[in-house]
Amino acid sequence: MKIAPSILSADFAALAEDIARVEAAGADQLHVDVMDGRFVPNITVGPIVVEAIRKRTRLPLDVHLMIVEPERYVGDFVRAGADMVTVHAEATPHLQRALAQIRELGAQPGVALNPSTPPTALQFVLDDLALVLVMSVNPGFGGQRFIPGVYPKIRHVRTLLGPRPVEVSVDGGVKVEHAGPLAAHGASVLVAGSAIFGAPHPAEVIKAMRSAASAV
Ligand code: DX5
Ligand code: ZN
């Protein structure tokens with residue numbers, strides 16, 4: 001199980017230190033939440049911040065675009081140093097084009113699904129994907145409550161993917177107690193913001209998540 005701390009819950013005025021802290025704590029990748037105030041009711045960061053983070057960490061950058069018409073910006077985010085770029089299925093009528101664009105630019109393409117979006121949204125882009133980000137909250141804010149309907153949904157996504165080597169990542173409200181059941185249902189990456197940055201010892205949370213996941 002890979003653990004991806006979401007910097008949404010970091011201290012943005014001390015971002016480099018917070019990133020160094022989770023890197024030292026054993027994070028596998030860094031999750032960057034990009035919000036535009038249109039697809040979601042909140043605004044966060046753009047490519048400039050991704051570029052600044054790129055210079056401060058060796059961790060792969062997993063950039064989660066919660067923006068409308070993501071195809072207009074994927075190039076900027078890849079050039080800024082994103083290793084993975086995830087677009088929402090609900091945010092573009094041109095999902096396949098956006099994914100192909102991300103791959104052509106040299107990054108790994110991902111699709112995110114809101115809690116109410118069925119896994120069948122992936123059906124005709126299965127071969128264009130490196131990752132599926134299954135939302136376990138409605139996107140827009142950190143610190144929300146985990147929606148347990150995500151468990152059977154992960155199974156559905158895994159069934160659709162078949163033997164393809166695609167990561168299934170879960171994002172929103174993930175705490176240590178969810179790591180075991182999420183692993184059992186087929187998740188391979190856990191995104192966690194408040195659970196990791198809000199803890200006095202992030203390393204303990206990361207270790208606990210990983211060991212709960214590997215115990216199933
Ligand atoms: C929600 C974001 C998540 C969020 C996770 O819109 O996509 O990545 O930051 O934070 P927690 O773990 O606090 O729900
Ligand atoms: Zn996210």
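Predicted model: local features only at pLDDT ≥ 70, side-chain atom pairs only at ≥ 80, totals over all residues.
Reader: Which residues of helix 1 are buried, and on which side of the helix do they lie?

Author: An α-helix has 3.6 residues a turn, so residues three or four places apart point the same way. The buried residues of helix 1, which spans residues 15-24, are L15, D18, I19 and V22.

Reader: What do the buried residues of helix 1 pack against?

Author: Their partners include two strands, namely strand 1 (2-5) and strand 2 (30-35). The buried residues of helix 1 also pack against helix 2 (47-54), helix 7 (194-197) and helix 8 (202-214).

Reader: Which residue just after helix 1 takes a positive phi?

Author: The phi angle in question is about 100 degrees. The residue that takes this value, just after helix 1, is G26.

Reader: How does strand 2 join strand 3, and which residue of strand 3 is the bridge partner of H31?

Author: Strand 2 and strand 3 (residues 61-66) run parallel and are joined by 6 bridges. With helix 2, these two strands make a right-handed β-α-β unit. Within strand 3, the bridge partner of H31 is D62.

Reader: Which protein atoms are donors of the zinc ion (ligand 2), and where along the chain do they lie?

Author: The donors follow the spacing H-x1-D-x30-H-x106-D along the chain. H31 in strand 2 and D171 in strand 7 (residues 167-171) link distant parts of the chain, 140 residues apart. Lying 2.0 to 2.3 Å from the zinc ion, the protein donors are H31 (NE2), D33 (OD), H64 (ND1) and D171 (OD).

Reader: What is the arrangement of the donor atoms around the zinc ion (ligand 2)?

Author: Ideal angles for six octahedral donors are 90 or 180 degrees. Around the zinc ion, the 6 donor atoms subtend angles of 71 to 172 degrees, which makes the arrangement octahedral.

Reader: Are H31 and D171 buried or exposed?

Author: The cut-off for a buried residue is under 20% relative accessible area. H31 has 0% relative accessibility and therefore counts as buried. D171, at 8% relative accessibility, also counts as buried.

Notes:
Residues numbered from 1 in each chain as written. Chains lettered and ligands numbered in written order. Heavy atoms only, no water. Buried < 20%, exposed > 50% of the residue type's maximum accessible area, 1.4 Å probe, protein only. Helix = DSSP H or I, 4+ residues; strand = E, 2+ residues; numbered from the N terminus. Contact = heavy atoms within 4.5 Å. Donors = N, O, S within 2.8 Å, 3.2 Å for Na, K, Ca; no water. Tetrahedral: all angles 85-135°; square planar, octahedral: opposite > 155°, others 65-115°. Pairing = 2+ DSSP bridges. Right-handed = clockwise from strand over helix to strand, strands pointing away.
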